[in-house]
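Hi there,

Here is the structure I promised to pass on to you. Have a look at it first, and my notes follow below.

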Amino acid sequence: MYQDRALRAAAAAPARLYVDGRWRDTERTFAVEDPGTGTVLAEVADASVQDALAALSAAASAQESWAATSPRERADLLRSLFDAIHQWVDEFADLITAEMGKPVAESRGEVAYAAEFLRWFSEQAAHRHGSYGPAPRGGSRIVTTRRPVGPSLLITPWNFPLAMVTRKLGAAMAAGCTSVLKPAPQTPLTSLLLAEVAERIGLPAGVFNVVPTTRAAEVSAALMGDPRLRKVSFTGSTPVGRTLLRQSGEHVLRSSLELGGNGPFLVFDDADLDAAVEGAMAAKFRNGGQSCVAANRFLVHRDVIDDFTDRLVERVRKLSVGHGFDGASTLGPLIDSRQCAKVAGLVEAAVSEGAVAVTGETAPRGEDGYFHPPTVLADVAPDAAILRQEIFGPVAPVTAFDTDEQALRLANSTEHGLAAYLYTRDLHRAVDLGERLEAGMVGINRGMVSEPAAPFGGIKESGLGREGGAEGIEEYLETTYLAVDLAAAGAGR
Ligand code: NAP
């Protein structure tokens, strides 16, 4: 039953490359699976290096005319794309569930969130200003103006197949940049459906090109080695981000990197525990824990740790594990068998180090997908291995702390710095620790930080640059300074 719906959803999306406003077949294809059943949903065109370079040629040819469109025109197109996504919400939501696995209610949430980036950037497009002023010693004027960086390579992961794309595409379009998107091979169909919708609303050929491929390293190295490319924007793991940063040196590309996290979630002894548990469920179990801003480590004051853990376990036991289309499940499968094995291995290692595992529903109710039971790990030692890496699954390790300074030290003891969360009723503590937590985003008495109008991004090895907010469009703009000599033009001041 779920299989039919997943197959229908996949069939609604094109399975070919989208280059220069045309759909292209390729010699090779690759299979896209439903992680909830393990069945193949579609065979998708597999771009070669030549295909990707053709996409870059299209982006490079369209760059000048796209940059010359008025900001208002680009704003209107972004707004049309926002409206169109809302008209296609059922198709997008079903497709996201089919190829990525999250419960369809969550997929609908992702579609709304993803579309919101387009509305946000449509509002930003017409608000790019330069500056004008006298040079301090007089006689000339300093004029600054903004221009698009140029053709951009967008590389996205599978965990939010639509939102990770619109967060980049919206900013690129608003700034006047053309782009080549390389989506994750697990979830290419959502990007291709987006290209179809963009084509229908009249986005000019070459402005947005989509090249799914199984040869990510080869394709991106060729694109980044081509001087026509001027920017790379990547969302994914820190190791791949490091490689891309090294490669971006060759042609000194503008680089935006949204990388992995190891989010601490701090609960103080004065916290509203109901709110903290509610926030913990959102920060940990949304998207099955497969989120870069997921809470990865629960650090809880010793006086409230038993109460917090009991309440968390009670909520975790109520999670319903199953296929995203079953109408009841609140926790879907993980993306693939490799991720499933990795999460199971982390839990096993933590238990062998002394943690106590309490699991919720295990059986995927007759499905063969890549399910892992939601798990709370109690009594995790502060130096346990599981606290040092991104779990990317529905597992919540809980560790005790005694003082604010100890909590802060534990929270900051990671090379990552993406999201952090803290629960307290003490305003001084919230602001003081909020500012001292080494993270690009801090949720204060909130388990969700993502918001298109806010700057999303990390510090330390969690990345460079910001997406969304007023900062998002800046990543796609350059500043040009015009030194205007007034004396030569006949004016003395
Ligand atoms: P990943 O392995 O780094 O892959 C991300 C994307 O990069 C995929 O499209 C992948 O394609 C591609 N890729 C891999 N190697 C490449 C290379 N050498 N050159 C160019 N592209 C390459 O990450 P993932 O496992 O899919 O995603 C999970 C990670 O993303 C987590 O660490 C998570 O925290 C992070 N993430 C971060 C954010 C954020 O905003 N900070 C948001 C979401 C996810 P292939 O799969 O074909 O290799």
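Helix H8 gives the largest share of the shell around the ligand, with 3 residues. Please keep in mind that this is a predicted model.

H8 spans 216-224, and it is one of several elements that each supply at least two residues of that shell; the others are helix H6 (163-175), strand E10 (231-235) and helix H9 (238-247). Both domain 1 (2-259 + 462-480) and domain 2 (263-444) contribute at least three residues each to the shell.

By type, the shell residues divide into 17 nonpolar, 8 polar and 4 charged. There are 29 residues around the ligand, and those that come nearest are Thr-156, Arg-167, Ser-237, Leu-259 and Glu-390.

Some polar atoms are worth a look too. Thr-156 has a backbone N or O atom 2.8 Å from an oxygen atom of the ligand. In the side chain of Trp-158, an N or O atom is 3.0 Å from a ligand oxygen atom. A polar backbone atom of Glu-258 lies 3.5 Å from a nitrogen atom of the ligand.

How much of the ligand does the protein bury? Taken alone, the ligand exposes 890 Å², and the protein buries 86% of that. As for where to find the ligand, it sits in the largest pocket.

Notes:
Residues are numbered from 1 along each chain as its sequence is written. This is a predicted model: local features need pLDDT of at least 70, side-chain atom pairs count only at pLDDT 80 or more; totals for chains, interfaces and linings use all residues. Side-chain values use heavy atoms; hydrogens and water are left out. A residue is near a molecule or strand if one of its heavy atoms lies within 4 Å of it. A polar contact is a pair of N or O atoms within 3.5 Å; within protein, one must be able to donate a hydrogen and the other to accept it, and residues adjacent in sequence count only if both atoms are side-chain atoms. Accessible areas come from the Shrake-Rupley method with a 1.4 Å probe; for residues, only the protein chains shown count as cover. On a 1 Å grid over the protein atoms alone, a cavity is a set of points where a 1.4 Å probe fits but cannot get out, and a pocket is an open set with protein on both sides within 12 Å along at least five of seven lines; lining residues have an atom within 4 Å of a point. A molecule sits in a cavity or pocket if more than half of its atoms lie within 2 Å of its grid points. Helices (H or I, at least four residues) and strands (E, at least two) are DSSP runs, numbered from the N terminus. Ala, Val, Leu, Ile, Met, Phe, Trp, Tyr, Cys and Pro count as nonpolar, Asp, Glu, Lys and Arg as charged, and the others, Gly among them, as polar. Domain bounds come from an automatic or database domain assignment.
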